[in-house]
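Open your viewer and get your selection tool ready.

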Amino acid sequence: MRLTVIGCSGSFAGPDSPASCYLVEAADPDDPSRTWRVLLDLGSGALGTLQRFVSPLDVDAVLFSHLHPDHYFDLSGLYVVWKYHPGGPRPRIPVHGPAGVAAQAARSYGLAKDPGMAGEFEFHEYADGPLTIGPFTIRPVRVVHPVPAYAFRVEADGAVLTYSGDTGPCDALVEAAKGADLLLCEAAFQSGADNPTDLHLTGADAAAAATAAGAGRLVLTHIPPWHDRQVALGEARAGFDGPVELAATGATYDL
């Protein structure tokens, strides 16, 4: 399983990165020549950068952690690709998200709720239990945030990747990251500030979650452009004994 960081800027696109988007790839166990590609989030500005690494036409599924624009808004662009590409109509791909995802997607492009984007995408709302997409088993785990939000536990090729999405500190994140080879974890806040509760994590919070979960590696993401990323990195390294680094567009991790 390979993770490629497409966008990692927190809350809005920054000068060096679009907003949240992560490409996860794995070979089909029955056909090694077939690579499955899933996007975890597709936030503001991410569709443009995605094309540096893979054609949007090769995406097999999209999963949204939640429905804030910095995590889902570039589905509007993907809709245009699917609907108007000169290569002609394409098979629909699944788009998974919290309750109301189809209606929110339609509103984002000024479409009527019915049919919305249903001609291009198969919309699914999260329910109990894991999802199976090609070689991937993906378990959405509800975390704390002002809107319904999910972390993802992604398993393939005998490896485990956990992506926090946006969350405040919570036991659910630790459970989702139990024994993960890599925890891709937001660190939008800085310790010592007057931070709202149940909204985001600090670097120290991310380290605490990684330690409690026994994760092998910690990659910090979703740091807003107004913060010094090195502060989050320093906080996390002080609280986690394993490898810690900052997410960056184009970084790849083979698990």
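**Stop one: the largest pocket**

Seven nonpolar, five polar and two charged residues make up the lining of the largest pocket. This is a predicted model, in which local features need pLDDT of at least 70, side-chain atom pairs count only at pLDDT 80 or more, and totals for chains, interfaces and linings use all residues. Residues are numbered from 1 along each chain as its sequence is written, and side-chain values use heavy atoms, with hydrogens and water left out.

The space in this pocket comes to about 190 Å³. Now select Ser9, Asp16, Ser17, Ile223 and Arg229: of the 14 lining residues, these are the closest to the pocket's centre.

**Stop two: His222**

Next, pick His222, in the loop between β12 and α7. His222 counts as buried because its relative accessibility is 1% (buried means under 20% relative accessible area, exposed over 50%, with a 1.4 Å probe and protein chains only). Show its side chain and look for two partners: the backbone nitrogen of Ser11 at 3.4 Å, and the side chain of Asp166, a polar contact at 3.2 Å (a pair of N or O atoms within 3.5 Å, one able to donate a hydrogen and the other to accept it).

**Stop three: helix α7**

Select residues 229-239, helix α7, and colour its buried residues Ala232, Leu233, Glu235 and Ala236. They lie on the same side of α7 because they cover an arc of only 165° around the axis. Turn to the other side of α7 to find Arg237 and Ala238 exposed. Finally, show Asp228, which caps the N-terminal end of α7 with a side-chain oxygen 2.9 Å from the backbone nitrogen of Gln230.

How values were computed: On a 1 Å grid over the protein atoms alone, a cavity is a set of points where a 1.4 Å probe fits but cannot get out, and a pocket is an open set with protein on both sides within 12 Å along at least five of seven lines; lining residues have an atom within 4 Å of a point. Grid points are joined across faces, edges and corners, and a volume is the space filled by probe spheres set on the points. Ala, Val, Leu, Ile, Met, Phe, Trp, Tyr, Cys and Pro count as nonpolar, Asp, Glu, Lys and Arg as charged, and the others, Gly among them, as polar. Helices (H or I, at least four residues) and strands (E, at least two) are DSSP runs, numbered from the N terminus. The arc is that of the directions from the helix axis to the C-beta atoms.
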